[in-house]
Amino acid sequence: MAGRPSPTGSPVPPPDPAVAAAAAERLAGLATPTGALGRLGDLAVWLSAAQGQVPPIPLTDIRLVIFAGDHGVARHGVSAYPPEITAAMVRTFVAGKAGVSALAAAHDVRVRVLDLGVDDDLAGVPADVRARKVRRSSGAIHLEDALSPDETRRALDAGGAVADEEIDAGAQLLLSGDMGIGNTTPAAALVAAALGLPASEVTGRGTGIDDATWNRKVEVVQAALDRAGDRALDPVETLTALSSADLAAATGYLARAAERGVPVLLDGLMSVACALTADRLAPGAAAWFAAGHRSTEPAQTLALAKLGLEPVLDLGLRLGEGSGAVAAVPVLRSAVAVLRDVALLADLLPSR
Ligand SMILES: O=C(O)c1ccc[n+]([C@@H]2O[C@H](COP(=O)([O-])O)[C@@H](O)[C@H]2O)c1
Ligand SMILES: Cc1cc2nc[nH]c2cc1C
């Protein structure tokens with residue numbers, strides 16, 4: 001299949017407002033005090049509208065795609081861990097032994113890991129994991145562009161094609177995850193570019209860096225933003241200058257899910273930075289996104305606020321991998337259950 005082109009900047013229509021209104025009406029009529037279901041009710045209305053039906057149907061096909069890649073900045077003192085961890089963790093996802101693997105098994109979420117830019121040939125790893133590789137590692141963004149314009153386009157297209165594959169195979173809800181030592185640096189830069197903020201406001205502790213490393217990381221993010229200059233005003237040029245193959249692919253995946261009208265549950269900083277960029281590429285895409293959790297990264301909170309999203313969970317998680325999104329899945333299933341299976345108050349009362 002040739003696949004659709006990358007996002008073009010066309011606005012994305014939101015979930016059907018008439019269905020949202022019908023779902024809200026059903027919620028208001030449930031055999032519960034008005035408003036008693038709190039955010040569970042809001043999530044149920046959103047999912048119902050995204051599905052285009054009232055009540056919503058149970059979520060039996062939920063799929064997580066983990067976008068993996070290495071980052072040139074990881075060799076410049078911005079992380080608590082060495083880049084070799086990235087490839088090792090890709091093998092661990094394949095073996096089903098990572099943190100997210102345990103959560104996904106507990107909550108019946110299908111996991112797919114994709115190497116877009118790991119700095120390793122991943123010999124012995126199944127070919128489909130490597131089939132969409134764009135390059136080995138992405139550029140050190142404080143010194144050079146992350147990608148060439150052609151690589152950016154290929155990564156966006158790869159992410160879009162993966163969303164198409166998962167949706168065509170029956171996904172009702174898509175999740176995005178990430179793996180890549182150093183990736184909180186380009187992700188913070190993406191958020192700074194979108195929001196016009198300085199590095200000091202977006203830079204976080206990532207895998208758990210000390211003060212000296214944090215100061216160095218702020219310098220790296222600011223140098224990258226200064227190097228990108230006005231290119232930060234354009235989302236595709238922002239991806240070329242400041243992202244990576246894996247982050248550009250995740251952006252294409254999220255934009256395509258919204259364009260196809262499939263709801264998405266976001267994870268931590270990388271997922272949300274890419275969602276913010278997807279909403280720049282395809283304005284209105286954010287209406288198809290819900291936030292799984294609040295990460296400890298300041299840039300994730302800033303991006304969620306800009307997108308108007310309130311996270312489902314706030315557990316102090318900073319694992320990535322899609323773990324915070326998967327952990328929120330039972331809450332989304334709970335939201336479906338209440339709007340679907342609770343009696344209507346009108347049916348309880350004797351008719352007069
Ligand atoms: O999801 C998050 O918000 C998050 C916050 C901190 C760290 N991470 C994970 O840790 C790695 C990046 O951290 P760092 O310090 O190497 O930039 C990467 O593999 C992420 O999945 C993830
Ligand atoms: C072990 C390890 C697992 C991870 N998963 C996501 N980021 C990670 C970073 C490290 C270091």
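Because the model is predicted, local features need pLDDT of at least 70 and side-chain atom pairs count only at pLDDT 80 or more, while totals for chains, interfaces and linings use all residues. Residues are numbered from 1 along each chain as its sequence is written, and chains are lettered from A and ligands numbered from 1 in the order in which they are written.

Around ligand 2 sit Tyr81, Ile85, Met89, Met179, Thr207, Leu319, Gly320 and Glu321. Sorted by class, that shell has five nonpolar residues, two polar and one charged.

UniProt lists Glu321 under "active site", in an unreviewed entry; UniProt positions are given in the numbering used here, feature names are shortened, and annotations may be inferred rather than shown by experiment. In the chain, Glu321 belongs to the loop between α13 (298-307) and α14. Is Glu321 buried or exposed? It is buried, because 27 other C-beta atoms lie within 10 Å. The cut-offs are 20 or more other C-beta atoms within 10 Å of its own for buried, 12 or fewer for exposed, and in between for partly exposed, with C-beta atoms placed from the backbone. Setting aside neighbours within four places in sequence, Glu321 is in contact with Ile66, Ala98, Gly99, Val100, Gly177 and Met179, where contact means that two C-beta atoms, placed from the backbone, lie within 7 Å. The backbone of Glu321 also has a positive phi of about 70 degrees, although Glu321 is not a glycine.

Now for the helix pair. Two packed helices are described by the angle between their axes and the distance between the axes. For α2 (residues 38-51) and α14 (residues 323-341), the axes come within 8 Å and cross at roughly 85 degrees, so α2 is roughly perpendicular to α14. Axes here are lines fitted to C-alpha atoms, for helices over the stretch in contact, and angles run from 0 to 180 degrees between N-to-C directions. Angles of 65 to 115 degrees count as roughly perpendicular, under 35 as roughly parallel, over 145 as roughly antiparallel, and the rest as oblique. On the α2 side, Leu40, Leu43, Ala44, Leu47 and Ser48 meet Leu332, Ser334, Ala335, Val336, Val338 and Leu339 of α14. The contact of α2 with α14 contains nine nonpolar, two polar and no charged residues.

Ala50 is another residue of α2, and it counts as buried because it has 26 C-beta neighbours inside 10 Å. Beyond four places in sequence, Ala50 is in contact with Pro15, Pro263 and Trp288. Ala50 and Pro15 are 35 residues apart in sequence, yet their C-alpha atoms are 4.9 Å apart. Pro263 sits in the loop between α11 (245-259) and β4 (264-266) and is buried too, with 23 C-beta neighbours inside 10 Å. Besides Ala50, Pro263 touches Leu47, Leu173, Trp288 and Ala290, not counting residues up to four places away.

Val54 and Pro55 are joined by a cis peptide bond, with omega about -5 degrees, and Pro55 lies in the loop between α2 and β1 (62-69). Asp108, which is not a glycine, has a positive phi near 55 degrees. Asp108 is placed in the loop between α4 (99-106) and β2 (109-117) and is partly exposed, with 14 other C-beta atoms within 10 Å.

How values were computed: Helices (H or I, at least four residues) and strands (E, at least two) are DSSP runs, numbered from the N terminus. Ala, Val, Leu, Ile, Met, Phe, Trp, Tyr, Cys and Pro count as nonpolar, Asp, Glu, Lys and Arg as charged, and the others, Gly among them, as polar. A residue is near a molecule or strand if its C-beta atom, placed from the backbone, lies within 6 Å of it.
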